[in-house]
Amino acid sequence: MLSTQKPFVSDELENKRAIADYLVSRQKMVDGALQSCLPKSSVKPKTIHKAMRYSVFAGGKRLRPILCLAAGECCGGQAATALPLACALECIHTYSLIHDDLPCMDNDDLRRGMPTSHKVFGEAIAVLAGDALLTLAFELAAQVSPWPRYSLKDIISELAIASGSRKLIAGQVADLESEGKRVSLPALKFIHRSKTAALLRSSIRLGAMSANATPARLQSLSDFGMSLGLAFQVIDDILDVTQSSQTLGKSAGKDLVSEKATYPSVIGLRESRKAAKKLTEQAHRSLDPFAGQAQTLHGIADYLLDREY
Ligand code: GRG
């Protein structure tokens, strides 16, 4: 049983184990659903379906889908109900990684511990695999049955806005345009909010919508998602300068080489660690209205703060 009270050391260990078990079980559930959602590699044209599967099953943490399921469960829903939306979110996330790694963007050779899509399939197929995953996400989302408080239009709009030119793509554009420049903290926060936090926040919102959450609960979870998403990117920036490529499964130290705007480069490593902790505490506080019902989300927030990759 997870506890939100100040835990004894043994309770803390038990909580960590419970979260680790939860993550493994939901990861398996998501992987199984993704296996069924994605066209088989034998479907023509085989190359594109192989490329889509290659990147999706290259070993991601499945954070966005797991947050979607956990938010649904926190609002009294079933994980299975949120599963198609969870898969849609992973498809959008994987598309963004494939495109981000392209030579015209970050030009990366390694992702999820494997050679990047364009290294294996060539640039044209990598672009198309990303496009196809983005499109598949909307096909999956369009198949869900609406809930009393949330229509199909609400669901599709949520996904479209989070992945569109005012959020995910806005962040990517600002990120690209900031390379090699001195960036202010507010400008950096804009990048983090758009590039990373928006999709994490929407993952949580879509899970809550799939459980027909009340507007008040949806608002609390949206606040949680934003703080968690910001903390996640600050930690990602820290890990880029503190961990090896082998641990990360992607090229470590890349932000520094590309002169990217990151928390450590703008406010230093010590202050970045403090910022990540503060944002995580803020995320925890957003869950106050749930009392004991949000233990899993509390646990995931702590897990993400302590992560090494
Ligand atoms: C639309 C091309 C395009 C890009 C959008 C999301 C993004 C911007 C670029 C991807 C690269 C990047 C550094 C994104 C920031 C978010 C982030 C830290 C992604 C990595 O997420 P994890 O750690 O990855 O959840 P796994 O592999 O575990 O799924």
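This is a predicted model: local features need pLDDT of at least 70, side-chain atom pairs count only at pLDDT 80 or more; totals for chains, interfaces and linings use all residues.
## Cysteines and a helix pair

Cys75 is a buried residue, its relative accessible area being 11%.

How many disulfides does a search of the whole structure find? The search, which covers the whole structure, finds 0. Cys75 accordingly takes part in none, and the nearest cysteine sulfur to its own, that of Cys74, lies 4.8 Å away. Since a disulfide requires two cysteine sulfur atoms within 2.5 Å, the 9.2 Å that separates the sulfur of Cys68 from the closest cysteine sulfur, in Cys87, is too far for a bond. Cys68 is also buried, with a relative accessible area of 0%.

| Cysteine | Relative accessible area | Closest cysteine sulfur |
|---|---|---|
| Cys68 | 0% | Cys87, 9.2 Å |
| Cys75 | 11% | Cys74, 4.8 Å |

The second topic is a helix pair. Two packed helices are described by the angle between their axes and by the distance between those axes. Helix H8 spans residues 168–178 and helix H9 spans residues 185–210, and their axes come within 6 Å of each other while crossing at roughly 140°. That angle makes H8 oblique to H9, and the crossing in which H8 passes H9 is left-handed.

Which residues of the two helices meet? On the H8 side they are Leu168, Ala170, Gly171, Gln172, Ala174, Asp175 and Ser178, and on the H9 side they are Phe190, Ile191, Ser194 and Lys195.

Notes:
Residues are numbered from 1 along each chain as its sequence is written. Side-chain values use heavy atoms; hydrogens and water are left out. Buried means under 20% relative accessible area, exposed over 50%, partly exposed in between (1.4 Å probe, protein chains only). Axes are lines fitted to C-alpha atoms, for helices over the stretch in contact, and angles run from 0 to 180 degrees between N-to-C directions. Helices (H or I, at least four residues) and strands (E, at least two) are DSSP runs, numbered from the N terminus. Angles under 35 degrees count as roughly parallel, over 145 as roughly antiparallel, 65 to 115 as roughly perpendicular and the rest as oblique. A crossing is left-handed if the near helix is turned anticlockwise from the far one by less than a right angle, and right-handed if clockwise. Contact means heavy atoms within 4.5 Å.
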